[in-house]
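Subject: Structure handover and findings

Dear colleague,

Please find below the structure that I am handing over to you.

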Amino acid sequence: MRLQGKVALITGAASGIGRESALLFAQEGAKVVVVDVVDEAGEAAAAAIRANGGEAIYVRADVANAAACENMIRVAEERFGGLHILFNNAGIMHSDDDNAMSTSEAVWDLTFAINVKGVFFGCKYGIPALLRSGGGAIINTASFVAHLGAATPQLAYTASKGAVLAMTRELAIIHARQNIRVNALCPGPLRTELLMKFLNTEEKKQRRLVHIPMGRFGEAQEMAKAALFLASDESSYMTGSEFLVDGGISSAYVTPE
Ligand code: NAD
């Protein structure tokens, strides 16, 4: 068991990458705090872990809200006695996110409030808890779009993930000698609700698939395995890194037929 005795808090854990990571981390021995804003699915994720013999609780927190983030960390410490793994994973991709001319200020602000300020608040309140526990690992979910531009734009989302990468590097350096490692997970296009809602026609899906050398979307479980590596001591010499798990998309110039 790779996370035996560890306490992990995962935001956006009611679905997709976060949910699969919560299940996998618990299987590997971690006590898991499932955080989300969708209560029913969040409770269900925690219940699924308990049904498998693991330990988990659901805490509602909007990651864009400072008081809610302070509270989720407090609950982790009170309930499970500490915090060792902070997975800042919650994020949105707004359906009205487009190019500079058509993206509204409201869409831009909401995207940054959740995708960027949410990571900041997780760290603002989570890092003191990690220090009290003697250190640990932070994983911030960014995206391959922070590395590559696309003609099918989602400008606010792309910029927000660039900010997550920059923040990850600086956090990693600040805390490098305090036994806290900070890495970014950069998923490729996944077959999760977030992207499938955005690519809502077969034509839009095919427009993306043509750029993926492996010829398929990734699965949330595949991201959970990568997150487990970043959360565990197996990645003990990694900090400030961008861990691209993207089916080869960021290496491709021309993809196979
Ligand atoms: P998802 O929509 O399945 O899961 C995201 C979860 O975050 C949901 O449960 C949602 O309720 C929660 N959430 C949204 N706003 C929140 C808030 N304010 N506070 C707390 N929770 C909130 O999507 P996913 O694909 O699992 O996405 C997880 C992360 O991966 C996101 O940061 C996303 O940007 C990133 N990502 C996804 C893809 C992809 O193709 N799906 C690619 C690269 C990066």
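The notes below take the structure part by part.

This is a predicted model, in which local features need pLDDT of at least 70 and side-chain atom pairs count only at pLDDT 80 or more, while totals for chains, interfaces and linings use all residues. Residues are numbered from 1 along each chain as its sequence is written, and side-chain values use heavy atoms, with hydrogens and water left out.

Helices and strands are named here as DSSP runs numbered from the N terminus (helices: H or I, at least four residues; strands: E, at least two). Buried means under 20% relative accessible area, exposed means over 50%, and partly exposed lies in between, with a 1.4 Å probe and protein chains only. Both faces of β1 are covered: V7, L9 and T11 are buried on one side, and A8 and I10 on the other.

Two strands are said to pair if DSSP finds at least two bridges between them. Strand β1 runs parallel to β2 (residues 31-36), with 5 bridges joining them; within β2, V33 is the bridge partner of L9. Between these two strands the chain passes through helix α1 (residues 16-27), and this β-α-β crossover is right-handed. The term right-handed means that, with the strands pointing away from the viewer, the path from the first strand over the helix to the second runs clockwise. Strand β1 is also parallel to β4 (residues 85-88), to which 3 bridges join it. In β4, I85 is the bridge partner of A8.

Helix α6

Does the length of helix α6 agree or disagree with what its residue count predicts? The expected span is 1.5 Å times one less than the number of residues. The 20 residues of α6 (residues 155-174) should therefore span 28 Å, and the end C-alpha atoms are 29 Å apart, which agrees. The buried residues of this helix are A156, Y157, S160, K161, V164, L165, M167, T168, L171 and A172. As background, an α-helix has 3.6 residues a turn, so residues three or four places apart point the same way. The cover over the buried residues of α6 includes α4 (105-115), α5 (117-132), β5 (136-141), β6 (180-187), α7 (193-198) and β7 (242-245), where contact means heavy atoms within 4.5 Å.

T141 is found in strand β5 and is buried, with a relative accessible area of 5%. Its side chain makes a polar contact of 2.9 Å with that of N89. A polar contact is a pair of N or O atoms within 3.5 Å; within protein, one must be able to donate a hydrogen and the other to accept it, and residues adjacent in sequence count only if both atoms are side-chain atoms. Leaving aside neighbours within four places in sequence, T141 is in contact with I17, F87, N88, N89, K161, V164, L185 and P187.

F198 lies in helix α7 and counts as buried at 16% relative accessibility. Not counting residues up to four places away in sequence, F198 touches M93, H94, S95, D97, P153, Q154, K204 and R208.

Loop residues

Q178 and N179 are both placed in the loop between α6 and β6. Q178 is partly exposed, with a relative accessible area of 36%, and its side chain makes a polar contact of 2.5 Å with that of H175. Beyond residues up to four places away in sequence, Q178 touches L131 and G135. N179 counts as exposed at 52% relative accessibility; N179 has a positive phi of about 60° although it is not a glycine.

S235 is found in the loop between α9 (220-231) and β7, and is buried with a relative accessible area of 1%. The side chain of S235 reaches the backbone oxygen of F229 at 2.8 Å.

Cysteines

How many disulfides does the structure hold? There are 0 disulfides, a disulfide being a pair of cysteine sulfur atoms within 2.5 Å. The sulfur of C69 has its closest cysteine sulfur in C123, 10 Å away, which is too far for a bond. C69 is buried at a relative accessible area of 0%, and C123 is buried at 5%.

Yours sincerely
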